[in-house]
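Open the model in your viewer and keep the selection tool at hand. Each stop below tells you what to select and what is there.

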Amino acid sequence: MEFIQNGMEYSGESFTDFDFSELSLDAVRFKQCSFKGSLMPNLLTSRCTFETCDFSFARLNGSIHRASLFLNCIFHAASLFSAEFLECKCTGSVFSGADLTALELRGGDYSYTIFNDSDLRGWNLRGMKFENAFLQNCRLEKADLRETDLRHAVLTGADLRQADLRGALLTGIDFSSIRMKGTRIDIAQAVLVAEAMGCVCL
């Protein structure tokens, strides 16, 4: 098939093992496409849409994505080393099992995403949206979660020691198995946590 053209739409295509290195894509729409094993180092996307796409084993090292949508995508065993997602919407996507080393998320919507068992220590996720996200057994020590929307997120077994949660939205979270030693919370959150643990705050 012809190579990718900006502004075009592709549906049900397989780009397995294609080399996207150094390409710049603008306003391209991909639906139910496979990028398994694709080479994508230093790929630049802007205003692109990837809907129900499979990036398993893809190499996205150093790629930069601006205001792009990754909806219900799979990144199993993909390398996102030093990639940047800037004001992207990634709702419903699965990042568990990917190499997230030095990945930068800046702004955007990560509601309903799956990050289970990921190492997110020290990440700056301030003000981002993780409503109903799956963060089970995640390492979030020293993470900046100020003003982050974590409503109804699943944090079972997560480690939030020394993380900063001040101003975050925490409604609907089960705190019973979360490690929180040294975690910074505000007064309203302290009451919420206490009530979630069965305390009666007077």
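**Stop 1: salt bridges**

The count here comes to 17 salt bridges, where a salt bridge is a side-chain nitrogen of Lys or Arg within 4 Å of a carboxyl oxygen of Asp or Glu. Side chains of opposite charge can pair when their charged atoms come close. Before you select anything, note that this is a predicted model: local features need pLDDT of at least 70, side-chain atom pairs count only at pLDDT 80 or more, and totals for chains, interfaces and linings use all residues. Residues are numbered from 1 along each chain as its sequence is written, and side-chain values use heavy atoms, with hydrogens and water left out.

Select lysine 36 and aspartate 54. Their side chains form a salt bridge, 3.7 Å from N to O. Lysine 36 sits in the loop between E3 and E4, and aspartate 54 in the loop between strand E5 (49–51) and strand E6 (64–66), so the pair ties together parts 18 residues apart in sequence. Strands (E, at least two residues) and helices (H or I, at least four) are DSSP runs, numbered from the N terminus.

Are these two residues buried or exposed? Buried means under 20% relative accessible area, exposed over 50%, and partly exposed in between (1.4 Å probe, protein chains only). Lysine 36 counts as partly exposed, at 40%. Aspartate 54 counts as buried, at 17%.

Next, select arginine 151 and aspartate 149. Their closest N and O atoms are 2.8 Å apart, in another salt bridge. Arginine 151 is partly exposed at 29%, whereas aspartate 149 is buried at 8%. Then select Arg139, Glu141, Asp159, Arg161 and Arg179 together: salt bridges link them in a network.

**Stop 2: the sheet**

Now show the strands. Five of them form an open sheet in the order E2-E4-E6-E8-E9, with parallel pairing. Two strands pair if DSSP finds at least two bridges between them. The edge strands are E2 (24–26) and E9 (104–106), and each pairs on one side only. Zoom in on E2 and strand E4 (residues 44–46): three bridges join these parallel strands. Serine 24 has leucine 44 in E4 as its bridge partner.

**Stop 3: aromatic rings**

The structure holds 24 aromatic pairs. Rings of Phe, Tyr and Trp (its six-membered ring) pair if their centres lie within 6.5 Å; planes under 30 degrees apart count as stacked, over 60 as edge-to-face and the rest as tilted. Select tyrosine 10 and phenylalanine 30. Their ring centres are 5.6 Å apart and their planes at 20°, so the pair is stacked. Tyrosine 10 is in strand E1 (residues 9–11) and phenylalanine 30 in strand E3 (residues 29–31), 20 residues apart. Both residues are buried.

Move on to phenylalanine 95 and phenylalanine 115. This pair is stacked too, at 4.8 Å centre to centre with 10° between the planes. Phenylalanine 95 is buried at 1%, and phenylalanine 115 is buried at 1%.

**Stop 4: cysteines**

**Last stop: leucine 120**

Select leucine 120, in the loop between E9 and H1. At 2% relative accessibility, leucine 120 counts as buried. Leaving aside neighbours within four places in sequence, its contacts (heavy atoms within 4.5 Å) include Leu100, Phe115 and Leu135.
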